[in-house]
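Student: Please give me a close look at one part of this model. I would like to follow how side chains pair up, step by step.

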Amino acid sequence: YSFGVNFVGGYRFNDTFFVGAGLGYSYLDGLYYSHYEYLGLGNSINYDSYDARSNVQVLARAKVNLTKSKISPFILVDLGGTFGLTSNDIKMANGLIYEPAFGVDINISNEQSVYIMLGYKGMQYQHKAFNTTYGDAGVELRKGTTGNFCVHIGFKS
């Protein structure tokens, strides 16, 4: 799981199109170490270890509102990177992030609104894996991508 906070500033070209850049903080409790052991006869044991990390996020945002009404649906895309604040040898979620999202602005006044959106955040990810299958004991660094669905609630002015 993870949670965080972002600040995004930018420029609204018209009533529907916004481009901005942001900075944020995220706290991540993610997979750090995985141990798989084959016991024979179709039996195996899998142990997973999790570790908490703090990350800084830098992102660019493009947003398009689909209507100009009081309740205005929008689509949004964030693209950027994360950088860990720990000196651990496993960087976990360092690197590229992307998040397409869909949401609604609820306009309180001409200058202020609250929003809620649902997105899918994808990111580069790495963890250690220890495999003892068939006597092939060894630790390897596994790199790949992972993602999760995110709910955002915010205020804009």
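Tutor: Start with a definition: buried means under 20% relative accessible area, exposed means over 50%, and partly exposed lies in between (1.4 Å probe, protein chains only). This is a predicted model, where local features need pLDDT of at least 70, side-chain atom pairs count only at pLDDT 80 or more, and totals for chains, interfaces and linings use all residues. Residues are numbered from 1 along each chain as its sequence is written, and side-chain values use heavy atoms, with hydrogens and water left out.

First, the setting. Along the sequence, the pattern reads β-β-β-β-β-β-β. Of its 157 residues, 31% count as buried. Now take contacts (heavy atoms within 4.5 Å). Among those in the chain between residues at least 6 apart in sequence, 56% join residues at least 24 apart.

Now the charged pairs. Side chains of opposite charge can pair when their charged atoms come close. A salt bridge here is a side-chain nitrogen of Lys or Arg within 4 Å of a carboxyl oxygen of Asp or Glu. By this rule, there are 3 salt bridges.

Take Asp78 and Arg61. Their side chains form a salt bridge, N to O, at 2.7 Å. Asp78 sits in strand β4 and Arg61 in strand β3 (residues 43-65), so this pair ties together parts that are 17 residues apart in sequence. Asp78 counts as buried because its relative accessibility is 5%. Arg61 is buried too, with a relative accessible area of 10%.

Next, Lys63 and Asp105. Their side chains meet in a salt bridge at 2.8 Å, N to O. This pair links distant parts of the chain: Lys63 is in strand β3 and Asp105 is in strand β5 (residues 95-107), 42 residues apart. Lys63 has a relative accessible area of 7%, so Lys63 is buried. For Asp105 the value is 1%, so Asp105 is buried as well.

Asp105 has another partner, Lys156. That salt bridge is 3.5 Å, N to O. Lys156 lies in strand β7 (residues 139-156) and Asp105 in strand β5, so the pair ties together parts that are 51 residues apart in sequence. Lys156 counts as partly exposed because its relative accessibility is 25%.

Ser72 lies in strand β4 (residues 71-84). Ser72 is buried because its relative accessibility is 2%. Its side chain makes a polar contact with the side chain of Asn65 at 3.0 Å. A polar contact is a pair of N or O atoms within 3.5 Å; within protein, one must be able to donate a hydrogen and the other to accept it, and residues adjacent in sequence count only if both atoms are side-chain atoms. The side chain of Ser72 also reaches the backbone oxygen of Thr67, at 2.7 Å. Leaving aside neighbours within four places in sequence, Ser72 is in contact with Asn65, Leu66, Thr67, Gly103, Val104 and Asp105.

Definitions and conventions:
Helix = DSSP H or I, 4+ residues; strand = E, 2+ residues; numbered from the N terminus.
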